[in-house]
Amino acid sequence: MAGLEAKNAPDPAVLFWIGILLIIASAAITTASLAVNTYLESTARIQSERDQIVITKGVYGVVRHPTYAAVLVSCVGIALVFTTPFVALTAAIIATLTVFRTYLEDNLLKKNLDGYIEYSRRIKYRLIPCLLYTSDAADDLLCVDLGGRRLIKKQTDNHIEYYTTHITI
């Protein structure tokens, strides 16, 4: 589909090469993740048969899910290489699903992997440092600023509810 749409798309050479560089960066992040995490696989599960531990070195010392961060970088890169609406929409859907999967996997790891809660408190970013603050700081605080928005935690006896408000500065 991208090839069919490409004939009608503008030819921005600069965006193309930025996209290529982002795809290369994505591959480098993935390779760095594979180099330090022998538990890395396509499914989200605790590998108790291999005595899985929390990996904290290398790229895992910067973000908690570097391979998912690489997917996001790759989505942007592909959207810049193939500058068509269909590719941009597909990349946006993949990125959204990746962020959601990261949220689910983080919860799985917190519940089932010894030491992961402490690790998530030390490494605040799930995906991209200084750009996407996807920390679980709200689990420990009543509210946290999210770059112009505030996430507020309302806790009752039976459940925890989160909502956001816009911050006017």
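## Overall architecture

Read along the sequence, the chain follows the pattern α-α-α-α-α-β-β-β, that is, 5 helices and 3 strands. Helices (H or I, at least four residues) and strands (E, at least two) are DSSP runs, numbered from the N terminus. This is a predicted model, in which local features need pLDDT of at least 70 and side-chain atom pairs count only at pLDDT 80 or more, while totals for chains, interfaces and linings use all residues. Residues are numbered from 1 along each chain as its sequence is written, and side-chain values use heavy atoms, with hydrogens and water left out.

The chain has 169 residues, of which 30% count as buried. Buried means under 20% relative accessible area, exposed over 50%, and partly exposed in between (1.4 Å probe, protein chains only). Among contacts (heavy atoms within 4.5 Å) between residues at least 6 apart in sequence, 56% join residues at least 24 apart.

## Helix α3

Helix α3 spans residues 66-81, 16 residues in all. From first C-alpha to last it reaches 22 Å, close to the 22 Å expected at 1.5 Å a residue; the expected span is 1.5 Å times one less than the number of residues.

The buried residues of α3 include Pro66, Tyr68, Leu72, Cys75 and Val81. The buried residues of this helix pack against α2 (13-36) and α4 (85-112).

## Nonpolar cores

A nonpolar core is a set of buried Ala, Val, Leu, Ile, Met, Phe, Trp, Tyr and Cys residues joined through side-chain atoms within 4.5 Å. The largest has 10 residues: Val36, Tyr39, Val54, Ile55, Tyr60, Leu109, Leu113, Tyr116, Tyr119 and Ile123. A second, separate core of 7 residues includes Leu72, Cys75, Ala91 and Ala95.

Tyr119 lies in helix α5 (residues 116-122) and counts as buried because its relative accessibility is 2%. Leaving aside residues up to four places away in sequence, Tyr119 touches Val54, Ile55, Thr56, Tyr60, Val63 and Arg64. Tyr119 and Val54 are 65 residues apart along the chain, yet their C-alpha atoms are separated by 7.6 Å. With the same exclusion of residues up to four places away, Val36 touches Ile55, Lys57, Gly58 and Tyr60.

## Surface

The accessible surface of the chain comes to about 10,700 Å², of which 65% belongs to carbon and sulfur atoms. Accessible areas come from the Shrake-Rupley method with a 1.4 Å probe; for residues, only the protein chains shown count as cover.

Ile18, in helix α2, is partly exposed because its relative accessible area is 39%.
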